[in-house]
Amino acid sequence: MVTGIKGKWIIAHDGEKPRLLRDGVVIIQGNKITHVGKNYNGKVDKWIDAGTHVVSPGFIATHVHAATAPKDKSFIDDVGARHFYMSSLGENLTALGKSIKPEDFHIFAKYSMAELLKSGCTTMVEIGMAPTLGAETAKKYIDEMGMRVVEGLYVEDGSWARDQKANLFTEWHGLDHGLKMLDEAEAFVKKYDGAVDGRLIAALYPSTVDKVSGPLQKAIREKANELKCPVSIHAAQWVVEFQNMIRMYAKTPIQFLAETGLLGPDLIIGHGWAIPGHPLLGYPPEGEGDLKILAESGATVSHDPLVFIKRGNKMHSHSKYMEAGVNLGIGCDTSPQDMLNEMRMASYTSKLADWSCFSGTAAEIHGSATLGGAQAIGRKDLGRIAPGATADIAIINMETLNNVPCRDPVKAIVNSASREDVSHVLVDGKLVIDDGELLVIDEAELVSQVQKTTQAIWDRIPENHYLGQHSDVVSPQSYLPWEPDQ
Ligand SMILES: [Zn+2]
């Protein structure tokens, strides 16, 4: 099967960097791109007419919680725990999380993949499906939804506990507890890496820097070197964690990762903003600080702006990390899981952080969402449109109300494009969205099921909130209900 795409613009790769090819063609044979140029004279079985569109590498979301994130929508907006510096971690999210029934994760996982595909995202680094759904079911859904997914099992030897209202600390369960989880995570990698025609990329997921002890981090590093798989961890993600790391080790989260050796080119850090010098921390950097440590290690920071914007916070700044030499990806973490929206937020927060129009440029942000993500998962064949690359592609219409007038489609992707402009998505050479329609699931049925499922979760919040609070107390409605007599 040979597929051809005729595009008004192709965001191609010349072997060194992205280039914009006008009125070009992309030829795909099987799951590989075989030709990128102005014309093609060979036999083509099916042409996709993208005469008013930009043909982009599919986006790579470097941090996603597919099985659980949908519950956040319209719940964690406008709320947070002041005593946790506005974060919802350890409080609202805990009550929400505990209110989910095991069967709810299934519809959420499918919904998340549908949301991401519709935003032109072809690969996600997903944290949570395998532990919540079970490995076989996670594999089945990845197969059905047609997405490329980095997946793994959690490893940790600590958990968060509190002995007073807001004294959150780590309770340790012993190294053996963590090593047993590491054995299970290793077995997952060995069994599932390369499954679903190579669309399942297995990884190790140490949970968070403050719940994985130093000895366990060292053991994970050794295992990752042996398995040669990506590793993802939450680190430098909230003020309480940063302060607890200083209290426990007299090291920042990033310094501690460097000390244990877990920091390396295969490590993806969500969310990596809590570094010395950040205004929320009041903790000055030593020398060139954590950015230098991150850059020298080759690790990736997943910049996931929306979840932090909602808490009045931001990374300081996308461009400064890049200038320091840190590889950046872009992820979603919370709802809506929309890579176009996350790219826009990443650009704007960077500009706000630097007080500069030259910060967070469209090229930087698009590059992070494609090549940055590909580097994060060690895949040179992804995130680019070039002969020999794997055919993960997003096609976005530039002649829509959102995007006209368009003279620079990269700026339009970052500044104005929305999910309804994404006309076609190919993963591994196969169409999963055709003319705007999801081919892998019934969208209307999915929407209805997610509404019913999540309503039931909100109703269960009082049973699971540590003070027994109702969902309307934890997350007040924007306007008070009004029920007139007639
Ligand atoms: Zn996360």
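Reader: Which strands form a hairpin with five residues between them?

Author: This is a predicted model, and in it β8 and β9 form that hairpin, with five residues between the two strands. Strand β8 covers residues 158-162 and strand β9 covers residues 168-172.

Reader: In which sense do β8 and β9 run, and how many bridges join them?

Author: They run antiparallel, and five bridges join them.

Reader: Where do the side chains of a strand point?

Author: In a regular strand, side chains alternate between the two faces of the sheet. Keep that in mind when you look along a strand in the structure above.

Reader: In what order do the eight strands of the open sheet stand?

Author: The order is β3-β2-β1-β4-β15-β16-β17-β18, and the pairing is mixed. At the edges stand β3, residues 32-37, and β18, residues 437-438. Each of these two has a single partner strand, so one side of each is left without a neighbour in the sheet.

Reader: In which sense do β1 and β4 pair?

Author: Strand β1, residues 2-13, and strand β4, residues 46-57, pair in the parallel sense over seven bridges.

Reader: How many bridges join β16 to β17?

Author: Three bridges join them, and the two strands run antiparallel; β17 covers residues 430-434. Within this pairing, L426 stands opposite L431 in β17. The hairpin of β16 and β17 has two residues between the strands, and D428 in this hairpin takes a positive phi near 55 degrees.

Reader: What is the phi of D435 in the hairpin of β17 and β18?

Author: D435 takes a positive phi near 55 degrees, in a hairpin that also has two residues between the strands. Strands β17 and β18 pair in the antiparallel sense over two bridges. The bridge partner of D434 in β18 is E437.

Reader: Where is A236, and what is its phi?

Author: A236 lies in the loop between β11, residues 231-235, and α7, residues 239-249. Its phi is near 55 degrees, a positive value in a residue other than glycine.

Reader: Which residues does a cis peptide bond with omega of about -5 degrees join?

Author: That bond joins V404 and P405. P405 is found in the loop between β15 and α14. Another cis peptide bond runs from H316 to S317, with omega near -15 degrees. S317 sits in the loop between α10, residues 305-309, and α11, residues 318-324.

Reader: Into which domains is the protein divided?

Author: Domain 1 takes residues 2-57 + 393-427, and domain 2 takes residues 59-376. Domain 1 is therefore written as two stretches of the chain, while domain 2 is written as one. Taken over C-alpha atoms, the centres of the two domains are 30 Å apart. The contact takes 21 residues from domain 1 and 25 residues from domain 2.

Reader: How much area do domain 1 and domain 2 bury between them?

Author: They bury about 1700 Å², with 66% of it on carbon and sulfur atoms. On the domain 1 side, V414, R419 and V427 supply 43% of the area buried against domain 2, more than any other three residues.

Reader: How many salt bridges and polar contacts cross the interface of domain 1 and domain 2?

Author: The rule finds two salt bridges there. It also finds six residue pairs in polar contact across the interface. As for which elements of domain 1 touch domain 2, β1, β4, β15 (393-397), α14 (409-415) and β16 (422-427) each supply at least two residues. The largest share, five residues, comes from α14. By type, the residues on this side of domain 1 divide into 14 nonpolar, five polar and two charged.

Reader: Which side chain meets R419 in a salt bridge?

Author: The side chain of E115 does, at 3.5 Å from N to O.

Terms used: Residues are numbered from 1 along each chain as its sequence is written. This is a predicted model: local features need pLDDT of at least 70, side-chain atom pairs count only at pLDDT 80 or more; totals for chains, interfaces and linings use all residues. Side-chain values use heavy atoms; hydrogens and water are left out. Two strands pair if DSSP finds at least two bridges between them. Helices (H or I, at least four residues) and strands (E, at least two) are DSSP runs, numbered from the N terminus. Contact means heavy atoms within 4.5 Å. Buried area is the accessible area (1.4 Å probe) that two parts lose on being put together, summed over both. A salt bridge is a side-chain nitrogen of Lys or Arg within 4 Å of a carboxyl oxygen of Asp or Glu. A polar contact is a pair of N or O atoms within 3.5 Å; within protein, one must be able to donate a hydrogen and the other to accept it, and residues adjacent in sequence count only if both atoms are side-chain atoms. Ala, Val, Leu, Ile, Met, Phe, Trp, Tyr, Cys and Pro count as nonpolar, Asp, Glu, Lys and Arg as charged, and the others, Gly among them, as polar.
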